[in-house]
Amino acid sequence: MIFDPITVCNLELQNRFVRSATHEFLAEEDGTPTSQLGDLYEKLAKNEVGLIITGYSYVLPGGQSDIYQQGIYDDRFIEPYRKITERVHRHKSKIVLQIVHGGRQADTTDEYPIPIAPSAVKSGRAAVVPREMTEEEILGMIEAFTQAAVRAKKAGFDGVQLHCAHGFLLSNFISPYTNRRTDRWGGSVENRARIVTEIIRRIKEEAGDSFPILVKLNATDGFRAGSSKAKLGLDISQAVETAKLLEKAGVCSIEVSGGISEAGGVTIKTAINAPAKEAYFKDYSKAIKSAVNLPVILVGGIRSLQVINYLLENGFADLISMSRVFISEPDIVLKLKSGKVEKARCVSCNLCFDLEGISCNFQFE
Ligand SMILES: Cc1cc2nc3c(=O)[nH]c(=O)nc-3n(C[C@H](O)[C@H](O)[C@H](O)COP(=O)(O)O)c2cc1C
């Protein structure tokens with residue numbers, strides 16, 4: 001099943017493997033994408049990854065949250081991205097740009113000393129309490145995401161993925177833990193999702209109804225069950241309601257993830273060394289998949305063919321997304337297909353976060 005083609009968002013994918021968005025640390029300081037990014041994506045395409053999702057690309061200069069992060073906040077990025085998408089499209093793979101604003105996790109600089117967020121709730125990852133966004137800033141943000149998507153389309157991307165996970169701005173709106181607003185952008189599930197549904201509506205107006213919009217969605221903040229923070233946080237029933245609203249707004253696929261920094265180590269878990277530890281968000285994706293009529297992508301600790309087949313055959317997901325595995329073995333699809341290996345070698349140590357460019361730095365025997 002995993003090696004069978006599938007049509008997602010009107011895109012014909014050669015198989016059900018997805019390279020999950022992975023910040024590569026390979027852009028220039030101002031966010032300009034480099035030819036090294038093109039090398040990396042083309043390598044994945046040569047190795048038959050069905051759908052490649054880029055590292056997160058920031059939509060406004062103040063929305064950067066990592067060094068050497070790629071940007072899409074200006075028209076000058078269109079040309080360098082076009083060179084990249086052309087290289088990928090020489091092969092059968094499709095490529096989608098993940099777009100983001102760092103929100104309360106954005107880097108603070110002289111120009112942007114205080115991060116913005118739906119509410120003034122401090123991030124576990126930041127030293128500064130963020131400032132609550134004004135109505136005008138929210139409307140400006142919707143336009144920034146819209147223009148980013150228009151640029152992505154011009155640059156030849158097959159779609160965009162809105163980053164609504166991992167404690168960045170859009171997921172801050174969706175979670176009641178980080179969104180304490182009482183206006184039309186906070187409160188009910190519908191109000192908290194409004195910034196995202198408005199972005200979708202505007203992208204459709206500006207980039208056309210058929211331009212694919214995907215979402216990476218937090219299904220949980222990841223707080224320990226029963227803890228006081230868990231009571232305030234996003235629960236699966238709210239995530240399911242959010243997914244339904246996104247479907248109604250016109251999203252064509254949802255990738256299910258989870259975790260914010262305060263919950264600690266939930267998103268990119270270490271020591272995935274047994275099948276039972278793999279696919280740690282699978283119950284969330286199953287709940288979302290049974291509530292929407294969209295292809296659901298599952299990410300988080302997936303390592304072996306045995307687990308992949310189980311997930312696809314038992315209604316947990318339609319596509320399988322991996323990040324660290326592709327850093328360690330960009331050719332994993334071909335290796336699994338040839339029967340040479342039954343699982344990826346990745347030991348989930350997280351040494352792949354490398355400021356000189358992602359790389360598997362684990363010393364194998
Ligand atoms: C080096 C690195 C960079 C990441 N950057 C992003 C990113 O830009 N956007 C995103 O949504 N997730 C990002 N993630 C999270 C992954 O997409 C994925 O959700 C997580 O690593 C769990 O999947 P895995 O077990 O297959 O690695 C990153 C993960 C790693 C290891």
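Visitor: Which residues of helix H3 are buried?
Guide: In H3, Met 141, Ile 142, Ala 144, Phe 145, Thr 146, Gln 147, Ala 148, Ala 149, Val 150, Arg 151, Ala 152 and Lys 153 are buried. A residue is buried if 20 or more other C-beta atoms lie within 10 Å of its own, exposed if 12 or fewer, and partly exposed in between, with C-beta atoms placed from the backbone. Helices (H or I, at least four residues) and strands (E, at least two) are DSSP runs, numbered from the N terminus.

Visitor: What kind of model is this, and how are residues numbered?
Guide: This is a predicted model: local features need pLDDT of at least 70, side-chain atom pairs count only at pLDDT 80 or more, and totals for chains, interfaces and linings use all residues. Residues are numbered from 1 along each chain as its sequence is written.

Visitor: What covers the buried residues of H3?
Guide: The cover includes helix H2 (78–88), S7, S10 and helix H5 (189–207). Contact here means that the C-beta atoms of two residues, placed from the backbone, lie within 7 Å.

Visitor: How do you know that the length of H3 agrees with what a helix should span?
Guide: The expected span is 1.5 Å times one less than the number of residues. H3 covers residues 135–154, which is 20 residues, so it should span 28 Å. Its end C-alpha atoms are 29 Å apart, which agrees. Just after H3, Gly 156 takes a positive phi of about 90°.

Visitor: Why is strand S7 called largely enclosed?
Guide: Because seven of the seven residues of S7 (residues 94–100) are buried.

Visitor: Which residues cover each face of S7?
Guide: In a regular strand the side chains alternate between the two faces of the sheet. On one side of S7 sit Lys 94, Val 96, Gln 98 and Val 100. On the other sit Ile 95, Leu 97 and Ile 99. All are buried, and both faces are covered.

Visitor: What makes strand S4 a partner of S7?
Guide: Two strands pair if DSSP finds at least two bridges between them. Three bridges join S4 (residues 51–53) to S7, and the two run parallel. Ile 52 has Ile 95 in S7 as its bridge partner.

Visitor: How many bridges link S7 to S5 and to S10?
Guide: S5 and S7 pair in the parallel sense over two bridges. Tyr 58 stands opposite Val 100 in S7. Strand S10 (residues 160–164) is joined to S7 by three bridges, again parallel. There, Ile 99 stands opposite Leu 162 in S10.

Visitor: Why is Tyr 280 called buried?
Guide: Tyr 280 has 20 other C-beta atoms within 10 Å, so it counts as buried. Tyr 280 lies in the loop between strand S12 (253–257) and helix H8 (282–289). Not counting residues up to four places away in sequence, Tyr 280 touches Lys 269, Gly 300 and Gly 301.

Visitor: What makes the phi of Tyr 68 and Ser 348 worth a look?
Guide: Most residues other than glycine have a negative phi. Tyr 68 has a positive phi of about 55° although it is not a glycine. Ser 348 also has a positive phi of about 55°, and is not a glycine either.

Visitor: Are Tyr 68 and Ser 348 buried or partly exposed?
Guide: Tyr 68 has 18 other C-beta atoms within 10 Å, so it is partly exposed. Tyr 68 is in the loop between strand S5 (57–58) and strand S6 (70–71). Ser 348 has 21 C-beta neighbours inside 10 Å, so it counts as buried. Ser 348 lies in the segment after helix H11 (332–338).

Visitor: Which residues are closest to the ligand?
Guide: The closest are Ser 20, Ala 21, Tyr 56, Ser 323 and Arg 324, and 25 residues surround the ligand (C-beta atom, placed from the backbone, within 6 Å of it).
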